[in-house]
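Biologist: Hello! I am new to this structure and would like to know how its descriptions are reached. Could you show it to me first?

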Amino acid sequence: METITIVGGGIAGLALAACLDPDRFEVTVHEKRPELPTVGTALGMWPTAQRALARLGVLEEARAASPVIGSGSIRNGAGEPWATVDAGAMFAISRIDLLQLLDSAVPATVRRITGNVQQVPAGGGLVVGADGVHSVVRREAWGPGTAARLTPYLAVRGILPSPVNQDAVGEYWGRGDLFGIAAARTGTLWYASYRSGLGPYGIDVASVLDQTRERYARHAPAIREVLAAATPEGSLVQRLWTVRYLRSYVRGRTVLIGDAAHAMTPNLGRGACESLVDAVTLAELLNTLPEDQALRAYDRRRRLRSQAVSGASAVLYRIAMAERAQPFRDRLLSLARQRRPRSAVVNSSSG
């Protein structure tokens with residue numbers, strides 16, 4: 001039996017553990033926390049991620065637990081729509097539900113170790129860094145120069161128990177801030193992002209909610225209604241971090257997947273999707289090829305593609321979060337809306 005050590009039991013780590021051939025590999029997963037999170041957001045599942053879920057055998061369960069995203073509008077801060085986006089067959093699954101499904105798909109033969117990993121586990125075999133944006137594996141194998149980069153932006157997310165208002169669904173782009181409203185299985189998903197000097201650690205959620213309400217006090221009524229109903233217990237607050245582009249996701253017998261390899265801004269909603277694709281791709285290659293060939297093939301297939309998605313997400317983030325250029329951006333988008341046929345819809349179901 002060949003040994004594989006997976007550092008990180010999140011989306012990427014669990015998906016990989018679920019796909020590896022238990023007759024060929026002795027797999028150990030190191031996870032920091034013994035239990036799944038109790039508060040989470042919803043994750044849009046693009047077609048590539050849905051194919052990965054099908055390979056994992058949990059696609060139908062994921063669909064059953066998730067609302068179809070449907071359509072929504074890109075709007076200015078006041079709520080006036082610029083464009084309608086049709087998400088096609090995409091659905092939004094709760095991060096908690098997704099983790100539960102992936103956890104249930106992991107074979108009983110996989111060894112689980114709970115604890116805060118401070119250094120790469122010794123013992124030989126392949127080591128997979130699935131330990132997120134602040135990856136210990138990346139730091140040790142690729143060096144301290146690959147440490148995560150802190151952006152100047154704060155991400156605030158939450159889910160309300162009340163049904164979503166379909167007329168309010170979409171993303172609102174203001175001056176240096178954005179706000180999103182979408183359907184969740186248990187009600188309404190909302191998220192906000194804006195420049196902030198808070199943190200990066202020890203951020204008080206209640207204080208941030210007060211700050212956020214003040215920040216969006218002159219935005220669309222739908223935003224103010226959502227924030228008025230938001231509670232600290234049902235909200236998450238994080239500073240946004242990204243990862244530098246690496247020349248390779250493989251170094252010797254160490255490989256990176258998920259956010260450890262390509263943590264990105266959340267604007268395209270592709271971070272979790274790319275993590276699932278990484279995991280399934282790596283597992284299928286390891287299951288069928290010698291290790292060295294599998295790792296080279298994984299790096300060829302996933303590095304440039306995932307970095308392209310990361311780059312596109314960063315460009316969209318700069319547009320959505322425009323500050324001095326916000327009036328110019330708004331005029332361009334308003335002009336584009338006037339010239340577009342009234343029935344025109346942007347389709348985002350590919351990818």
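Biologist: Which residues are buried in α2?

Modeller: In α2, the buried residues are Thr 48, Ala 49, Gln 50, Ala 52, Leu 53 and Leu 56. Buried means under 20% relative accessible area, exposed means over 50%, and partly exposed lies in between (1.4 Å probe, protein chains only). Helices (H or I, at least four residues) and strands (E, at least two) are DSSP runs, numbered from the N terminus. Please keep in mind that this is a predicted model, where local features need pLDDT of at least 70 and side-chain atom pairs count only at pLDDT 80 or more, while totals for chains, interfaces and linings use all residues. Residues are numbered from 1 along each chain as its sequence is written, and side-chain values use heavy atoms, with hydrogens and water left out.

Biologist: What makes α2 oblique to α9?

Modeller: Helix α2 (residues 47–56) packs against helix α9 (residues 271–288) at an angle of about 45 degrees, and their axes are 8 Å apart. Angles under 35 degrees count as roughly parallel, over 145 as roughly antiparallel, 65 to 115 as roughly perpendicular and the rest as oblique, so α2 is oblique to α9. Axes here are lines fitted to C-alpha atoms, for helices over the stretch in contact, and angles run from 0 to 180 degrees between N-to-C directions.

Biologist: Which residues of α2 and α9 meet?

Modeller: From α2, Thr 48, Ala 49, Ala 52, Leu 53, Arg 55 and Leu 56 meet Cys 273, Leu 276, Val 277, Val 280, Glu 284 and Asn 287 in α9. Contact means heavy atoms within 4.5 Å. Just after α2, Gly 57 has a positive phi of about 80 degrees.

Biologist: Why is the pair of Tyr 153 and Tyr 317 called edge-to-face?

Modeller: Rings of Phe, Tyr and Trp (its six-membered ring) pair if their centres lie within 6.5 Å; planes under 30 degrees apart count as stacked, over 60 as edge-to-face and the rest as tilted. The ring centres of Tyr 153 and Tyr 317 are 5.2 Å apart and their planes stand at 90 degrees, so this pair is edge-to-face. The pair links distant parts of the chain, with Tyr 153 in strand β9 (residues 149–160) and Tyr 317 in helix α10 (residues 291–320), 164 residues apart. Both Tyr 153 and Tyr 317 are buried.

Biologist: And what makes the pair of Tyr 201 and Trp 241 stacked?

Modeller: Their ring centres are 6.2 Å apart and their planes are at 25 degrees, so Tyr 201 and Trp 241 are stacked. Tyr 201 lies in the loop between β12 (187–195) and α6 (205–215), and Trp 241 in strand β13 (residues 235–242), so the pair ties together parts 40 residues apart in sequence.

Biologist: How do you know whether Tyr 201 is buried or exposed?

Modeller: Tyr 201 has a relative accessible area of 61%, so Tyr 201 is exposed. Trp 241 has 18%, so Trp 241 is buried.

Biologist: Why is Leu 246 counted as buried?

Modeller: Its relative accessibility is 7%, so Leu 246 counts as buried. Leu 246 sits in the loop between β13 and β14 (250–251). Leu 246 and Thr 146 are 100 residues apart in sequence, yet 7.9 Å apart in space, C-alpha to C-alpha.

Biologist: How do you know that helix α1 is largely enclosed by the rest of the structure?

Modeller: In helix α1 (residues 11–19), 9 of the 9 residues are buried, so the helix is largely enclosed. Among them are Ile 11, Leu 14 and Cys 19.
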